[in-house]
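Dear colleague,

Please find the structure below, handed over for your own work. My notes on what was found in it follow directly after.

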Amino acid sequence: MNTKYGFSVIALCAIAGCGGSVMSPSKLAASEGSVRGAEEVGARQVPTAGLHLKLAQDEVTKAKALNQSGDGEAADRMLTRAQVDADLAIAVTKEAAARSAAEVVMGQVEKAQGDAK
């Protein structure tokens with residue numbers, strides 16, 4: 001009888017995955033850090049970057065929900081997506097700032113060239 005019980009527990013764990021996997025805490029921290037970084041560089045002020053920031057925030061929320069439901073592997077994949085979107089928001093924000101600074105410099109160069117004539 002005891003052997004049957006032990007076999008049943010093993011079989012149930014194999015079928016159910018023993019409660020599922022848990023998402024990686026380091027992946028969650030990295031994703032949340034990227035989201036904070038995007039917020040700090042001002043991604044909300046750049047439309048395309050703001051969209052990627054919002055996606056990243058939503059993906060972190062979805063990852064937490066997936067983890068709560070016991071699907072840690074899907075949660076980890078969602079966290080990877082969140083980090084990529086947050087990093088893209090940072091890159092787009094920095095690119096917009098660099099483009100803006102270049103336009104200012106070009107304006108100054110054109111003005112200086114006009115003054116020199």
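In α2, residues Leu 28, Ser 31, Glu 32, Val 35, Ala 38 and Glu 39 meet Leu 53, Ala 56, Gln 57, Val 60 and Lys 64 of α3, where contact means heavy atoms within 4.5 Å. By class, this contact of α2 with α3 comprises 6 nonpolar, 2 polar and 3 charged residues. Here Ala, Val, Leu, Ile, Met, Phe, Trp, Tyr, Cys and Pro count as nonpolar, Asp, Glu, Lys and Arg as charged, and the others, Gly among them, as polar.

Please note that this is a predicted model, in which local features need pLDDT of at least 70 and side-chain atom pairs count only at pLDDT 80 or more, while totals for chains, interfaces and linings use all residues. Residues are numbered from 1 along each chain as its sequence is written, and side-chain values use heavy atoms, with hydrogens and water left out.

The protein has 4 helices and 0 strands, in the order α-α-α-α along the sequence. Helices (H or I, at least four residues) and strands (E, at least two) are DSSP runs, numbered from the N terminus.

The axes of α2 and helix α3 (residues 47-68) come within 10 Å and cross at roughly 155 degrees. The two helices α2 and α3 are therefore roughly antiparallel. Axes are lines fitted to C-alpha atoms, for helices over the stretch in contact, and angles run from 0 to 180 degrees between N-to-C directions.

Helix α2 (residues 25-40) also packs with helix α4 (residues 72-116), at an angle of about 25 degrees and with the axes 8 Å apart. This makes α2 roughly parallel to α4. Angles under 35 degrees count as roughly parallel, over 145 as roughly antiparallel, 65 to 115 as roughly perpendicular and the rest as oblique. By class, the contact of α2 with α4 has 9 nonpolar, 5 polar and 3 charged residues; among those taking part are Ala 30 and Gly 37 in α2, and Leu 79 and Ile 90 in α4.

Ala 74 is found in helix α4 and counts as buried because its relative accessibility is 12%. Buried means under 20% relative accessible area, exposed over 50% and partly exposed in between (1.4 Å probe, protein chains only). Ala 74 and Ala 63 lie 11 residues apart in sequence and 7.3 Å apart in space, C-alpha to C-alpha. Across the protein, buried residues make up 27% of the 117 residues.

With kind regards
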